[in-house]
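Hello,

Here is the structure I promised to hand over. Please open it first, then read my notes below.

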Amino acid sequence: MDHPVLVYTTWPNPDVAEATGRKLVENRLAACVNILPGMSSIFSWKDRIEATQEIVMIVKTRRARLNDAMAAISAAHPYETSSILAIPVIAADPAYAQWIAAETAE
């Protein structure tokens with residue numbers, strides 16, 4: 001079985017995050033998307049310290065779908081430099097991993 005992978009990404013508002021998450025699931029690039037509003041971010045951007053409110057999106061997919069999922073996220077993302085990080089899963093409940101695999105089958 002292909003290994004689950006999490007994709008961590010941040011968004012400027014819940015509407016664009018939800019629309020993108022829905023498309024990922026509809027296109028079977030993700031089994032599930034968690035959207036967590038209300039995150040405070042502090043970061044350096046173009047030689048300035050910035051602070052803003054963002055939305056976190058956690059995408060549950062599998063290794064074989066990762067590149068396509070990341071490309072879809074990048075294409076939909078409004079930021080000049082989008083935060084998209086793939087995080088390997090070192091262990092998962094077997095039934096949950098099987099569900100992710102089934103929901104992201106091509």
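**Salt bridges around Arg65**

Glu106 and Arg65 join their side chains in a salt bridge, with N and O 3.4 Å apart. Glu106 sits in the segment after α3 (94-103), and Arg65 sits in the loop between β3 and α2, so this pair ties together parts that are 41 residues apart in sequence. Please keep in mind that this is a predicted model.

Arg65 has a second salt-bridge partner. Its side chain meets that of Asp68, at 3.9 Å from N to O. Together, Arg65, Asp68 and Glu106 are linked in a network of salt bridges.

Is Arg65 buried or exposed? Arg65 is buried, because its relative accessible area is 7% and buried means under 20%. Its two partners read otherwise. Asp68 is partly exposed, at 43% relative accessible area. Glu106 counts as exposed, at 75% relative accessibility, because the cut-off for exposed is over 50%.

What else does Arg65 reach? Its side chain comes to 3.3 Å from the backbone oxygen of Arg28. Leaving out residues up to four places away in sequence, Arg65 touches Asn27, Arg28, Leu29, Thr104 and Glu106.

**The other salt bridge to look at**

The whole structure holds six salt bridges. One more of interest is Arg22 with Glu18, whose closest N and O atoms are 3.7 Å apart. Both residues belong to helix α1, and they are four residues apart there, which means about one helical turn separates them. Glu18 is partly exposed, with 44% relative accessibility.

**The sheet**

Now to the strands. What is their order in the sheet? Four strands form an open sheet in the order β2-β3-β1-β4, and the pairing is antiparallel. The edges are β2 (32-45) and β4 (84-88), each of which pairs on one side only. On average, neighbouring strands of this sheet are turned by 30 degrees against each other, direction ignored.

On one side, eight bridges join β1 to β3 (residues 48-62), and the two run antiparallel. Pro4 stands opposite Arg62. Leu6 stands opposite Lys60. β1 also pairs with β4, again antiparallel, over five bridges.

How many residues of β1 are buried? Six of its eight are, so the strand is mostly covered by the under 20% cut-off.

**The helices on the sheet**

Helix α1 (residues 14-26) lies across β1, β2 and β3. It runs at about 20 degrees to β3. Helix α2 (residues 66-76) lies across β1, β3 and β4. It runs at about 10 degrees to β1.

**A closer look at Tyr8**

Which residue of β4 is its bridge partner? The partner is Leu85. Tyr8 and Leu85 are 77 residues apart along the chain, yet their C-alpha atoms are separated by 5.1 Å.

Tyr8 is partly exposed, because its relative accessible area of 26% falls between the 20% and 50% cut-offs. Setting aside neighbours within four places in sequence, Tyr8 is in contact with Met39, Val56, Met57, Ser83, Ile84, Leu85 and Ile87.

**Where to start**

Begin with Arg65 in the loop between β3 and α2. Trace its network to Asp68 and Glu106.

Best wishes

Methods
Residues are numbered from 1 along each chain as its sequence is written. This is a predicted model: local features need pLDDT of at least 70, side-chain atom pairs count only at pLDDT 80 or more; totals for chains, interfaces and linings use all residues. Side-chain values use heavy atoms; hydrogens and water are left out. Buried means under 20% relative accessible area, exposed over 50%, partly exposed in between (1.4 Å probe, protein chains only). Contact means heavy atoms within 4.5 Å. Two strands pair if DSSP finds at least two bridges between them. Axes are lines fitted to C-alpha atoms, for helices over the stretch in contact, and angles run from 0 to 180 degrees between N-to-C directions. A salt bridge is a side-chain nitrogen of Lys or Arg within 4 Å of a carboxyl oxygen of Asp or Glu. A polar contact is a pair of N or O atoms within 3.5 Å; within protein, one must be able to donate a hydrogen and the other to accept it, and residues adjacent in sequence count only if both atoms are side-chain atoms.
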